[in-house]
Amino acid sequence: MRLSRSLSITSLSGLPLWEEESLDVQDLLLFEVSWEVTNKVGGIYTVIQTKAKITVDEWGENYIMMGPYYEHNFKTQVEKCEPPNQAIKAAMDSLINNGCQVHFGRWLIEGSPYVILFDIGAAAWNLDRWKGDLWNACSIGLPYHDREANDSLVFGSLVAWFFKELTDQLQDKPNVIAHFHEWQAGTGLVLSRSRKIPLATVFTTHATLLGRYLCAGNADFYNNLDKFNIDQEAGERQIYHRYCLERAAVHCAHVFTTVSQITAVEANHMLHRQPDVVTPNGLNIRKFSAMHEFQNLHSMNKAKIQEFVRGHFYGHLDFNLEKTLFFFIAGRYEFSNKGADLFLESLSRLNYLLRVQKSDVTVVVFFIMPAKTNNFNVESLKGQAVRKQLWDTAQSVKEKFGKRLYESLLRGEIPDMSKILDRDDFTIMKRAIYATQRHSFPPVTTHNMLDDSTDPILSNIRRIGLFNGRNDRVKIVFHPEFLSSTSPLLPMDYEEFVRGCHLGVFPSYYEPWGYTPGECTVMGIPSVTTNLSGFGCFMEEHVSDPSEYGIYIVDRRFRSADESCNQLTQFMFSFCQQSRRQRIIQRNRTERLSDLLDWRYLGRFYMHARHLALSRSFPGKFKMDHLNLAPTQGFRYPRPASVPPSPSASSHSTPHHSDEEDDDTYDEEEEAERDRQNIKAPFTLGAEPEGKSKQPLENGN
């Protein structure tokens, strides 16, 4: 059967579909192998979990995930059941009869995919023998002290053993596709190929192992990709054996994929193989979809954040909350990789610009990055208690005032406002005001840090001098813990918090994809990313003017650190100059980019990778024209036709616009419909035609 061969993203909604013949999945079994199946460690968990629904829709009961067994995860996330396929049951029984423990069930996420989970601890007694097998297969030795590498070997050996038993049961039908994610699962791929097990194999790296280590060590990574001595660098970091496992998996796979163009460049240098397919990460858009409600959700959740700010900054609340913007950065605490260093320096410069311009805008910046703490900060807890006490006092006085006013009106009298409150009421209010007095700055962190003196974020806050002073227009709140609706300080889930903020800032130096700005986009919140993140590269490729759609892309690849910092500062300063109406317009545009990130469309790159693997592993049954791929035809959202919301590009000369200004050139429904029409006619990027230069797809409508 002939398979699809186009990699075009023109298969998105409203665009021509790929010319592909349907693949008869009844004659195939698809296994997806990852250390993060039912086991949340990092971003790969999000990839696998959100992609499950569209994969189950395509493959049905022929799709099975494989991962490590952890008792707590199994009891809380998996519904135990019997395998529907007798060959799978027989393969599992073979392992169980040989002293291993294998569990089967449905993972209780959207799509409810089947999962096979291998108990690593129960099979650890085979470790030394399997180390010998790995050495004989590919001459890679694992040190005894590397627990993670040893666990990955046990896991991979169990997976390869399972596939051997399964394929012996199946013979030649149905054929098996095995998709492995990251080096922890790669051992199973290496052993399967070395034992000549008849599988079509795909290996996906979401970030190269050595790349992450080099960037965390502040290396000038992207300017020296071709200059690194890879073996030496891996050896110096004592990860040479892990690197060898990753590289072996990459070269053993029939198809090698990675999640972005920037990671493809990295993988080509670090692992010495050019990826066959780039498989961008998507999201389950329906989970975040709020239709026209997302603007209301922003207002509701912004009010919750404002309540926290009222408590945290009590005694120093001399700024207008209606003119206060909330920025945030979130993710793993990788200070340089996530761009927190650049962000802090830019905030210092933004603070200077806002003060020089005498702006009445205040920016409160949240750092949501988990770090080692021992408890909540007493001052932070006290602030919320003071706020609540003030609220209770105000409610008590309001009730008295309302009752006396009501009784006065019933008597047909206009009340004497000077007498409607007695001396006790004024005393209570004065005491409440005195209770808000504070002789220290509001804390920059909500928790007591274990390594306060050496913590990178706190050290840089001290360096730039942003201590939440009265004159500072930029205030900082470091929340070193993931958000939870049960928190006594900031009782909000992450999704609620994101919806309540105005701008997400993620100026990452090393970010193979970047789910955080993607999640902002589908919730209609503008964000800052970089051209060193997979998400930023993707948006640069598919959106003609990303900043007009609320995606600000900082150039960290071809500019110096200082120039990148100035660019980020200018993005944030321009955002601060927008009026409320302009921000609403921009949020509408941002939310319309959601379909670009939907797995219903991006999942097709995974389909292509599987098809390609089948054609390479079983060329007699599955054919594909590898050498003459059609040139990829892309599309871009054009620049919005209405007046741009960005003040830096507008004709206004004043730094601030009235919230009541009327912009008759903007019609949300008309612009949304124009965007839908525009993406139905993709264009190929190239030279401008002779004559007047036009925006892509400019047709006068």
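These legends go with close-up views of a predicted model.

**View 1. Helix 4, from end to end.**
Let's start with helix 4, which covers residues 127–138, 12 residues in total. From its first C-alpha to its last, helix 4 reaches 16 Å, close to the 16 Å you'd expect at 1.5 Å a residue.

Which residues of helix 4 are buried? They are Leu 127, Trp 130, Lys 131 and Leu 134. Look down the axis of helix 4 and these buried residues fall within an arc of 110 degrees, so they line one face of the helix. What do they pack against? Their partners are helix 5 (147–170), helix 6 (182–194) and helix 9 (240–252). Now check the face of helix 4 turned away from the buried side: there you'll find the exposed residues Asp 128 and Asn 136.

**View 2. The largest pocket.**
Rolling a probe the size of a water molecule over the atoms shows where empty space is left. Here, the largest pocket has a volume of about 1600 Å³. Its lining is made up of 48 residues, and the ones nearest the centre of the pocket are Gly 42, Gly 43, Ile 44, Thr 46 and Arg 332. Sort the lining by class and you get 21 nonpolar, 14 polar and 13 charged residues.

**View 3. Helices around the largest pocket.**
Several helices each supply at least two residues of the pocket lining, among them helix 6, helix 7 (209–216) and helix 11 (285–288). Helix 17 (494–500) and helix 18 (515–522) also each supply at least two. Which helix gives the most to the lining? That's helix 1, with seven residues.

**View 4. Lys 196, a lysine with a positive phi.**
Most residues other than glycine have a negative phi. Lys 196 isn't a glycine, yet its phi is positive, near 55 degrees. You'll find Lys 196 in the loop between helix 6 and strand 7 (200–205). Is Lys 196 buried or exposed? Its relative accessibility is 71%, so Lys 196 counts as exposed.

**View 5. Lys 358, another loop residue.**
Lys 358 has a positive phi of about 55 degrees, although it is not a glycine. Its place is the loop between helix 13 (340–356) and strand 11 (362–368). With a relative accessibility of 72%, Lys 358 counts as exposed.

Note on methods. Residues numbered from 1 in each chain as written. Predicted model: local features only at pLDDT ≥ 70, side-chain atom pairs only at ≥ 80, totals over all residues. Heavy atoms only, no water. Helix = DSSP H or I, 4+ residues; strand = E, 2+ residues; numbered from the N terminus. Expected span 1.5 Å × (residues − 1). Buried < 20%, exposed > 50% of the residue type's maximum accessible area, 1.4 Å probe, protein only. Arc of directions from axis to C-beta. Contact = heavy atoms within 4.5 Å. 1 Å grid on protein atoms, 1.4 Å probe; cavity = no way out; pocket = protein on both sides within 12 Å on 5 of 7 lines; lining within 4 Å. Points joined across faces, edges and corners; volume = space filled by probe spheres on them. Nonpolar A, V, L, I, M, F, W, Y, C, P; charged D, E, K, R; others polar.
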